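Subject: Structure handover

Hello,

Here is the structure for you to look over. My notes follow below it.

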Amino acid sequence: MGMSSDNIHGLVLAVSSSIFIGSSFIIKKKGLIKAGNTGVRAGAGGFSYLHEPLWWAGMITMIVGEVANFAAYAYAPAILVTPLGALSIIFSAVLAHFILAEKLHIFGVLGCVLCMVGSVSIVLHAPQERLITSVKQVWHLATEPGFLVYACIVLIVVAVLIFQYVPHYGKTHMVVYVGICSLMGSLTVMSVKALGIALKLTFEGSNQFIYFETWFFTVVVIGCCLMQINYLNKALDTFNTAVISPVYYVMFTSFTILASMIMFKDWDSQNGSQIVTQLCGFVTILSGTFLLHKTKDMGNATPGETPVFRSPTHPIVQSNPR
């Protein structure tokens with residue numbers, strides 16, 4: 001069965017998002033280096049990069065990428081869009097190799113190939129996006145018993161982690177902070193998808209902002225994003241980025257796929273072979289991501305790099321120079 005037009009639109013937007021976001025890190029890094037040569041470096045507490053046009057060009061590029069990523073969820077299933085976030089690592093690594101002269105280790109090349117192979121597997125066997133004509137349909141899916149149980153379990157687990165485990169284990173066990181971000185991230189993506197669908201229908205002439213449900217999803221997106229960013233910043237400030245990134249990617253993507261499977265029933269129209277192929281593709285992308293992050297500093301390690309979080313709906317952590 002071929003891909004639907006909506007899936008193709010979502011695929012193009014997701015890949016475009018990765019290209020823009022992967023490129024933005026290189027542009028921003030060039031801007032930071034240039035600003036550091038003429039003023040106080042960001043790592044030393046300076047803000048001279050704010051006067052550097054190249055840095056702002058990188059920020060604009062990242063914003064365009066995030067908008068494309070947001071729009072992709074309005075057209076394609078989360079199981080197709082979310083894993084493709086790993087492609088931004090490939091574009092960033094390849095551009096860094098040629099533009100910033102940061103050597104890409106042979107295992108890094110292998111990681112890129114694995115990410116590409118896994119992405120192709122997921123794309124070729126992704127489920128079709130269901131036809132939705134109103135945000136009320138999304139609300140109906142979100143209020144079915146299955147997803148309500150999932151959402152309640154997520155909120156209870158997150159509350160337990162925040163109030164019971166963060167004070168005692170937050171600074172020693174990475175999974176506490178990352179678990180909070182990943183669990184809330186799955187709810188973020190479902191709400192982002194709902195809001196994206198509402199915007200798409202509104203632009204097509206059917207105003208969805210007259211419904212309470214649209215505004216509810218908007219509030220959930222804002223609240224979940226703020227919580228994710230807060231706890232991911234804590235994780236990045238406490239633990240090694242190279243360890244956090246692959247762990248966060250697998251947890252975030254796994255919970256997002258689970259949430260999408262429950263809420264949108266993505267796999268109902270697929271057979272066992274297609275589902276297994278998608279899961280294998282996801283594991284292949286995970287392996288490539290792990291290799292890239294474990295080998296990205298081989299041969300030209302630079303001390304004093306600071307991690308930066310991309311997006312609550314696009315969980316790839318990169319590094320910017322101080």
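Valine 113 sits in helix H5, which covers residues 106-124. Keep in mind throughout that this is a predicted model. Valine 113 is partly exposed, because its relative accessible area is 45% and that class lies between 20% and 50%. Valine 113 also belongs to a nonpolar surface patch of about 520 Å².

Now the overall layout. The protein chain has 11 helices and two strands. In order from the N terminus, the elements read α-α-α-α-α-α-α-α-α-α-α-β-β. The chain has 322 residues, and 51% of them count as buried. Take the contacts between residues at least 6 apart in sequence: 81% of these join residues at least 24 apart.

Next, the charged pairs. How many salt bridges does the structure hold? The count is four. Side chains of opposite charge can pair when their charged atoms come close.

Lysine 200 and aspartate 6 form a salt bridge, with 3.9 Å between the closest N and O atoms. Lysine 200 is in helix H8 (residues 174-203) and aspartate 6 is in helix H1 (residues 5-38), so this pair ties together parts that are 194 residues apart in sequence. Lysine 200 is buried, at a relative accessible area of 14%. Aspartate 6 is partly exposed, at 24%.

Glutamate 52 and lysine 34 meet in another salt bridge, at 3.9 Å from N to O. Glutamate 52 is in the loop between H1 and helix H2 (53-75), while lysine 34 is in helix H1. The two are 18 residues apart, and the pair links distant parts of the chain. Glutamate 52 counts as buried, with 10% relative accessibility. Lysine 34 counts as partly exposed, with 48%.

Glutamate 144 pairs with lysine 265 in a salt bridge whose closest N and O atoms are 2.5 Å apart. This pair, too, links distant parts of the chain, 121 residues apart. Glutamate 144 lies in the loop between helix H6 (135-142) and helix H7 (145-169). Lysine 265 lies in the loop between helix H10 (241-263) and H11. Glutamate 144 is partly exposed, with a relative accessible area of 22%. Lysine 265 is partly exposed as well, with 27%.

Stay with lysine 265 for a moment. What is its phi? The phi of lysine 265 is near 50°, a positive value in a residue other than glycine. Most residues other than glycine have a negative phi. Please check that spot in the loop between H10 and H11.

On to helix H11. This helix covers residues 272-295, 24 residues in all. From its first C-alpha to its last, H11 reaches 35 Å. That is close to the 34 Å expected at 1.5 Å a residue. At the start of H11, a side-chain oxygen of asparagine 271 comes to within 3.2 Å of the backbone nitrogen of serine 273. Which residues of H11 are buried? They are Gln274, Ile275, Gln278, Gly281, Phe282, Ile285, Gly288, Thr289, Leu291, Leu292, His293 and Thr295.

Serine 134 is in the loop between H5 and H6. Is serine 134 buried or exposed? Serine 134 counts as buried, because its relative accessibility is 15% and the cut-off is under 20%. Its side chain reaches the backbone nitrogen of lysine 136 at 3.1 Å. Setting aside neighbours within four places in sequence, serine 134 is in contact with Leu201, Gln208 and Tyr211.

Last, tryptophan 215. This residue is in helix H9 (residues 212-238). Tryptophan 215 is partly exposed, with a relative accessible area of 47%. Tryptophan 215 and leucine 195 are 20 residues apart in sequence. In space, their C-alpha atoms are 8.5 Å apart.

Best regards

Note on methods
Residues numbered from 1 in each chain as written. Predicted model: local features only at pLDDT ≥ 70, side-chain atom pairs only at ≥ 80, totals over all residues. Heavy atoms only, no water. Patch = residues over 30% accessible without salt bridge, like charges linked within 9 Å, V, L, I, M, F, W, Y side chains within 5 Å. Areas by Shrake-Rupley, 256 points an atom, 1.4 Å probe, with all protein chains shown as cover. Salt bridge = Lys/Arg side-chain N within 4 Å of Asp/Glu carboxyl O. Helix = DSSP H or I, 4+ residues; strand = E, 2+ residues; numbered from the N terminus. Buried < 20%, exposed > 50% of the residue type's maximum accessible area, 1.4 Å probe, protein only. Expected span 1.5 Å × (residues − 1). Polar contact = N/O pair within 3.5 Å; in protein donor to acceptor, adjacent residues only side chain to side chain. Contact = heavy atoms within 4.5 Å.
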